[in-house]
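Student: Please take me through this model by question and answer, with the criteria behind each term.

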Amino acid sequence: MQMVQGTFDDLGTPLSGVTFVVVDLETTGGSPAESSITEIGAVKVRGGEVLGEFQTLVNPGGPIPAFIQVLTGITDAMVATAPRIETALPAFLEFARGTVLVAHNAGFDISFLKAAAARTGNRWPGFEVLDTVTLARQLVPRDEARNHKLSTLAALFGSPTTPDHRALHDARATVDVLHALIGRVGNLGVHTLEELGSYTSRVSPATRRKRYLAQDLPSAPGVYLFKDGNGRVLYVGTSVNIRTRVRSYFTASEQRTRMAEMVRLAESVTPVVCATTLEAEVRELRLIAEHKPRYNRRSKAPERGVWVKLTVEAFPRLSMVREVRADGARYVGPFSNRASAEAAIAAVHEVIPLRQCVQRLSPTKPVSACALADMGRCGAPCTGAQTVEAYAAVVARAAAALGGDSRDVVTALRGRMVALAEQERFEDAGMLRDRLLSLVRGMARTQRIAPLASSAEIVAARPAVLGGWELVCIRHGRLAGSSTAPRGADPMPYVEALRASAEAVSPAPSPAPAATAEESEKILRWLETPGVRLVDLEGQWTCPVGGAGAARAQLEPQAVSRHEAAGFVAAS
């Protein structure tokens, strides 16, 4: 396993090295859309030391309401010769450049500053913001302070400055409150800016203490496995930065109940560093399928996929099977569950009169007809009323639809839906629409995966974030290997090395890939991202012109909007 040497940066930004600018504003009212700033006060601090202060009155361009003048002591006469916000704001932004902004009830102050920046044409730098009210609510219980107002906290923590609704005085008091709160979280093991930003008392001390599990993990893309004391895998995840992602499980950013339970049981974390993000995603799928961790909800049973098969016999029919065999039959799928496969079969039966009985029929041994034959929905090959040759024409229509050209079946089903709607049979039309969507999803999936599965080798490259190339080798729909070519180097020697070291993959019976369908789809999504270049292709990577992809693209948005309107999530 490749390991990456960590740096001090991986540990987070120590609070002692962070430069904060604590800011406070006075305004003419409570809404930045209707009111203006009358005073800006700010204090720059680092490591408990004051580095500088900023204070200016601001001419709001209009009268200050009388009650505001009484509250703040700032009068119209005081701001008459003060600079306008067009001058004051750029000066403040320069003072605060490259720092973390702090305010008490930060939403108020930051909203006024952002609105002023928008009005004056100044770009808002996107400061990281810390709100001392939010932090105080987590650290100062009600039995210690009756509320979390600045004046109450300043008195509690013994600030020498009494808040009086003047910007610089209130900013100085907020500095003292900030330092006191940082002291409290320090006693709880919070020592970096990242930890402070995510701190919440809802994270139990036991969970927070388990941060040591992330201490020696690499800051590299890959997969991580949480394990219990017996080495059993509890959860498998993936990230572009293993260390940062694992560390987030012990902070407020992780709010999933089952993950909190998993962290309580975890005793170790095993990293698997990967050359590319695609490799990490694929390894995650494979490890989940292998270990079936109790806290992973998806991808645990790829073997449960269902295929729809057009059987090979004198009178073929549609059947549901668990695997694809090299028997010359036509297959579509896999479907995620049996219900989706049944819906797809029902859609075909709506417009193509294939037999629906399950027994094997002989052209020379007729049997009695079923109800469907009596209803005219089947040609009754069971009775001899339909010859092998006549039935073969029906089968050919179904095979063409399942094999690539779905336009005939989709058009017929849509026509059937319109007819039902015109008869005001809306429930039946809706059921048919859902069946059609299941069918086109299955056909589109097959038509996307099959060309990839039949290609003996595809080598592709994508520009890496930090320069160079991500390289992947795909064989019969399975990721056989991946690597990177460094920035400035000729990538072709790395490509040849990748091909020589990639896994040897045997093809699976068509149209199935030599991997799970989910893995092949992840590979396809990667291949279809902007910037990917095909280096070499041994096979044909194509999709049929009349395939189900176009129909699915039209139907999926309708399904999503319908389920959102009903309060449900569209089925996968």
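The dialogue below moves from the whole chain to single residues.

Tutor: This is a predicted model, in which local features need pLDDT of at least 70 and side-chain atom pairs count only at pLDDT 80 or more, while totals for chains, interfaces and linings use all residues. Residues are numbered from 1 along each chain as its sequence is written, and side-chain values use heavy atoms, with hydrogens and water left out.

Student: What pLDDT does the chain average?

Tutor: pLDDT is the predictor's confidence in each residue, from 0 to 100. It stays under 50 over residues 1-11 and over residues 563-572. Of the residues, 90% score at least 70, and the chain average is 85.

Student: How many helices and strands are in the chain?

Tutor: Both are DSSP runs numbered from the N terminus: helices are H or I with at least four residues, strands are E with at least two. By that criterion the chain holds 20 helices and 15 strands.

Student: What share of the contacts with a separation of 6 or more comes from residues 24 or more positions apart?

Tutor: A contact means heavy atoms within 4.5 Å. Among contacts with a separation of 6 or more, residues 24 or more positions apart account for 64%.

Student: In what sense do strands E2 and E3 pair?

Tutor: Two strands pair if DSSP finds at least two bridges between them. E2 covers residues 37-46 and E3 residues 49-57, with eight bridges between them. Valine 45 stands opposite valine 50 in E3. The sense of the pairing is antiparallel.

Student: Which residue takes a positive phi in the hairpin of E2 and E3?

Tutor: This hairpin has two residues between the strands. The phi in question is near 60 degrees, and the residue is glycine 47.

Student: How many aromatic pairs does the structure hold, and why is the pair of phenylalanine 54 and phenylalanine 92 assigned its class?

Tutor: Rings of Phe, Tyr and Trp (its six-membered ring) pair if their centres lie within 6.5 Å; planes under 30 degrees apart count as stacked, over 60 as edge-to-face and the rest as tilted. The structure holds nine such pairs. For phenylalanine 54 and phenylalanine 92, the centres are 5.9 Å apart and the planes are at 65 degrees, so the class is edge-to-face.

Student: Where in the chain do these two phenylalanines lie, and how many residues apart?

Tutor: Phenylalanine 54 is in strand E3 and phenylalanine 92 in helix H3 (residues 85-96). The pair thus links distant parts of the chain, with a separation of 38 residues.

Student: Is phenylalanine 92 buried or exposed?

Tutor: Buried means under 20% relative accessible area, exposed over 50%, and partly exposed in between (1.4 Å probe, protein chains only). Phenylalanine 54, at 14%, counts as buried. Because its relative accessibility is 0%, phenylalanine 92 also counts as buried.

Student: Which lysine lies over the face of phenylalanine 95?

Tutor: A charge sits over a ring if NZ of Lys or CZ of Arg is within 6 Å of the ring centre and within 35 degrees of the ring normal. Here the distance from the ring centre is 4.6 Å, and the residue is lysine 44.

Student: How many residues of helix H19 are buried?

Tutor: Helix H19 spans residues 517-527 and is mostly covered. Its buried residues include Glu519, Lys522 and Trp526.

Student: What relative accessible area does glycine 415 have?

Tutor: Glycine 415 is found in helix H16 (residues 407-422). It is partly exposed, because its relative accessible area is 40%.
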